[in-house]
Structure formats: structure tokens, C-alpha cells
Amino acid sequence: MSSRHPEFLDDLERQFAELSAGEAAGRRRRRHAGRAGLAVAAVGLCLASAGAVAAVTGLIDISGDRSAGLVGLADRAGIASGTASSDRTWLLSTARNGPHTCLALKIESASRLLGTSEICGGIELGQFNAGTAPQGSSRPLLFGTLPEDVDRVRLVDVDVDVTETSARAIDGPAGLAGRFFVVELPTADPRGVRVELLRAEGELARGPIPLLQLLRTSIAPVSPPSAD
Amino acid sequence: MGQATTDTPGRETGTPAESFPDFYRRHSGALFVFFARRVIDVEVARDLTAETFAQAFEHRHRRHGRRDPDAIAWLYGIARHQLSRYWRRGRAERKAIRRLGIQLGDIADDDLDRAVALADLDALRGAVASALERLSEKERSAVALRVVKGLSYPEVARALGVREPAARTRVARGLRHLAHHLDSEGADVQPSS
């Protein structure tokens with residue numbers, strides 16, 4: 001660094017170097033901890049950052065859900081359930097309505113139904129489709145389907161702060177060849193949120209797409225990500 | 001089946017990976033000048049520089065895979081966001097600084113001189129003084145006391161008869177308007193040396 005540089009810039013450089021060195025040391029420790037250690041760390045991060053997700057593999061009894069506005073189809077199949085902020089739980093399910101696929105997100109808190117959001121028609125498995133489930137002052141949830149080569153959805157808020165949330169793709173239950181996702185928005189205000197689709201290696205497959213722009217066209221499938 | 005669990009960095013696409021300290025070393029001086037020429041306050045510019053790099057550090061995986069011009073544009077995108085927040089609130093944000101535990105100490109007098117020289121602020125102050133007439137009376141008084149007379153914020157607040165946060169906001173908004181005037185006159189952005 002030039003002698004004209006103020007010392008406080010040098011001092012910041014030293015602190016960032018220490019932060020980088022600490023991060024590198026942490027990576028080495030995690031590598032040496034082996035697979036079991038990695039699994040524990042992964043579960044911990046999962047719970048801390050985006051809520052737990054559990055598989056649902058059987059058919060769901062929807063007889064009690066008609067008031068929630070879900071299409072009453074007998075073949076409704078659960079895909080996954082999980083938790084979100086404000087003690088909310090969600091259940092993602094799918095059903096066929098003639099030639100169309102329907103995808104629904106049901107949100108509850110302490111077994112009380114908070115609401116459902118459903119998109120029916122225009123969804124093609126293997127493509128990117130998305131819908132939101134707004135929840136008043138709580139952070140909305142974004143849900144939908146993903147192309148096969150996408151492993152993760154990341155939402156970045158570029159307006160308030162550079163904050164982000166992300167969720168890994170969920171494989172469909174047996175007999176349903178598709179990939180799905182549910183992710184909580186980083187803020188309650190969707191206006192500054194950008195959606196990014198990432199491959200398994202972390203490469204950007206598509207995006208960033210302004211969330212509001214995406215939702216205006218989300219009933220029609222969005223083209224699958226193009227290869228870089 | 002699963003959920004986000006790791007923070008896998010993207011792959012580099014063509015250029016060798018540059019460490020964050022190297023990235024900081026290459027761009028910190030220019031970024032500090034970028035801020036200092038706009039806020040005309042070394043301490044605020046130092047804080048904005050630190051917060052911008054702290055946010056960049058927290059989201060450094062987003063730099064991976066970007067070509068150099070894109071990485072710089074990304075950094076200055078964060079910087080402009082921070083500057084905009086400063087102009088609205090009168091204070092540089094310190095959220096990422098606190099999260100990372102970065103220490104910002106007092107600035108020694110000789111270091112202040114080096115920073116003023118680096119950003120060529122003395123030359124800019126002349127342009128500021130002549131452009132003050134284009135501000136409202138409230139903003140003109142606040143900016144003149146802080147930037148031209150060099151008073152501390154508590155002193156500016158006492159002179160204006162307002163609380164310190166109000167004084168900071170008035171100075172910041174005045175500087176924002178001043179920056180627009182200076183930009184339009186070609187006096188801002190680049191130091192003369």
C-alpha cells in the first residue's frame with residue numbers, strides 16, 4: 001500500500017486479512033472433521049437459516065381443507081413440510097387437475113390455518129414456476145418448481161440491505177418426477193428481492209430476476225435456465 | 001429432500017481467484033476517495049468504506065465467478081447504497097462492521113492529513129464554499145459549519161440550536177444537494193492529483 005494511504009485503511013486491511021484467515025482455518029477444520037461432522041454442521045445451518053424440512057411421502061387427507069380453498073382432488077400428494085419464522089409451519093402439496101398440475105402451500109401456526117396459496121395450470125415439471133404465499137406482516141414464502149439442473153434457490157434483497165435467504169431443491173415423492181422449493185423471503189417487502197437459481201456447484205444458472213417481475217409472469221412457466 | 005445447508009462459492013470463470021484482502025488492497029483507496037469526495041468528511045468516508053467492504057466480505061461468494069469489471073461494479077453498487085443511506089439518515093451504517101467485530105478507532109491528526117491529501121479535499125472545499133449559495137438557508141448553515149469551519153457535530157448542533165442527530169441529517173442532506181451541484185459543474189468525483 002502506498003505511503004500516501006491513511007493508516008486507517010491499512011488497519012482495515014489487516015482486519016479483513018484476519019477475518020479471511022479465520023475463515024480459511026474454519027474451512028480446514030470442517031474438512032478434517034469428516035462426513036459425520038459435516039452432516040451435523042449442515043443440519044445446524046439448516047435449522048438456523050431456513051427452518052427444518054421433512055419429507056411427506058403419502059397421500060394427504062384433504063377432507064378438512066376444503067375451506068382453505070384447495071382444489072378438492074383425490075390424488076393430492078404431499079411433497080414436503082417445514083417451518084418458517086413466526087412459528088409457522090408449511091405443507092407443500094401437489095395434485096393433478098385434468099391435464100394440469102396444481103401446487104399448493106398451506107401455512108399453519110399452532111395447528112391454526114393461516115392460509116393457503118395455490119397455483120393451478122401452466123405449471124410444467126422440470127421448469128421454473130413460482131408463486132408466493134403472503135402472510136400479513138410476516139415474511140412471505142415463495143414456492144414452486146425447478147428445472148433438474150438447479151439445486152438451490154437464493155433470494156437476495158438489494159434494497160434494504162444486502163441480505164439473503166436460500167433453500168435447496170426438494171425432490172418430489174415417489175411417482176412424481178419433479179423438483180420443488182419453498183423459501184422464505186429475506187424481508188417482508190418483496191420489492192427489492194431478486195431470485196437466483198444456482199447449480200449444485202454454486203454457479204448461477206439463471207437470474208437475478210426481480211421477484212415482482214417474476215410473479216407477474218409466474219403462472220406461465222419461465223424458460224429453463226440456459227447453460228453458461 | 002433437504003434445505004439450504006451450505007454456502008458453496010461459485011467457480012471462477014477464467015481468472016484466478018483473488019483473495020478478499022487482495023481485493024480490498026486494490027480498491028480500498030479508490031473507494032475511500034469516492035466517498036470522501038462526496039461527503040467531504042474523512043471519518044464518515046472511512047466508516048462508509050469499512051461498512052461497504054464489510055458487507056462485501058459477508059457476501060463475498062457473490063464476487064466469485066465475476067469478471068473484474070463486474071466485481072468492481074458490484075462493490076460500487078454496495079457503496080452507492082451506503083451513500084444513499086448516509087444522505088437520508090446523516091450517519092454511516094455500521095451493521096456489518098459490528099457483525100464482523102471490526103474496530104474503528106480515532107483518526108490521528110497526521111492520518112487525517114494523509115486522508116485529506118489523498119482525496120484532495122482542500123481543493124474541493126473551495127468549490128464547496130462557492131456552491132453553498134445554491135443550498136437552502138438551513139442546509140447552507142449546517143454544511144458551512146461542518147465542512148468549511150470544520151466544527152464537530154456537537155458544535156454544529158449547538159450553533160444551530162438543534163439536537164445532534166438533526167444536525168447530522170441537515171449536514172448530510174446539504175452535502176447530497178451540494179454533490180449534485182458539484183457534479184453538474186464537473187467539480188466532483190475525481191481528485192486533481
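Trainee: Which residues of the largest nonpolar core touch the most other members?

Mentor: This is a predicted model in which local features need pLDDT of at least 70, side-chain atom pairs count only at pLDDT 80 or more, and totals for chains, interfaces and linings use all residues; side-chain values use heavy atoms, leaving out hydrogens and water. Residues are numbered from 1 along each chain as its sequence is written, with chains lettered from A and ligands numbered from 1 in the order in which they are written. A nonpolar core is a set of buried (under 20% relative accessible area, 1.4 Å probe, protein chains only) Ala, Val, Leu, Ile, Met, Phe, Trp, Tyr and Cys residues joined through side-chain atoms within 4.5 Å. Of the 64 residues in this core, those touching the most other members are Phe16(A), Phe32(B), Tyr86(B), Val128(B) and Leu175(B).

Trainee: Which helix gives the most to this core?

Mentor: Helices are DSSP runs (H or I, at least four residues), as strands are (E, at least two), numbered from the N terminus. With ten residues, the element that gives the most to the core is helix H1 (residues 20–39) of chain B.

Trainee: Which residues of chain A does Phe32(B) touch?

Mentor: Contact means heavy atoms within 4.5 Å, and residues up to four places away in sequence are not counted here. Within chain B, Phe32(B) touches residues including Val42(B), Ala45(B) and Leu118(B). In chain A, Phe32(B) touches Phe8(A) and Leu9(A).

Trainee: How many helices does chain B have?

Mentor: Chain B has zero strands, and its elements run α-α-α-α-α-α-α-α-α from the N terminus on. Buried residues make up 51% of its 193 residues. The number of helices is nine.

Trainee: How many bridges join S3(A) to strand S4 of chain A?

Mentor: Seven of the ten residues of strand S3 (residues 88–97) are buried, so this strand is largely enclosed by the rest of the structure. S3(A) pairs with strand S2 (residues 77–84) in the antiparallel sense over seven bridges. S3(A) also forms a hairpin with S4(A), where Gly98(A) in the turn has a positive phi of about 65 degrees. S3(A) and S4(A) run antiparallel, and the number of bridges joining them is ten.

Definitions and conventions: Buried < 20%, exposed > 50% of the residue type's maximum accessible area, 1.4 Å probe, protein only. Pairing = 2+ DSSP bridges.
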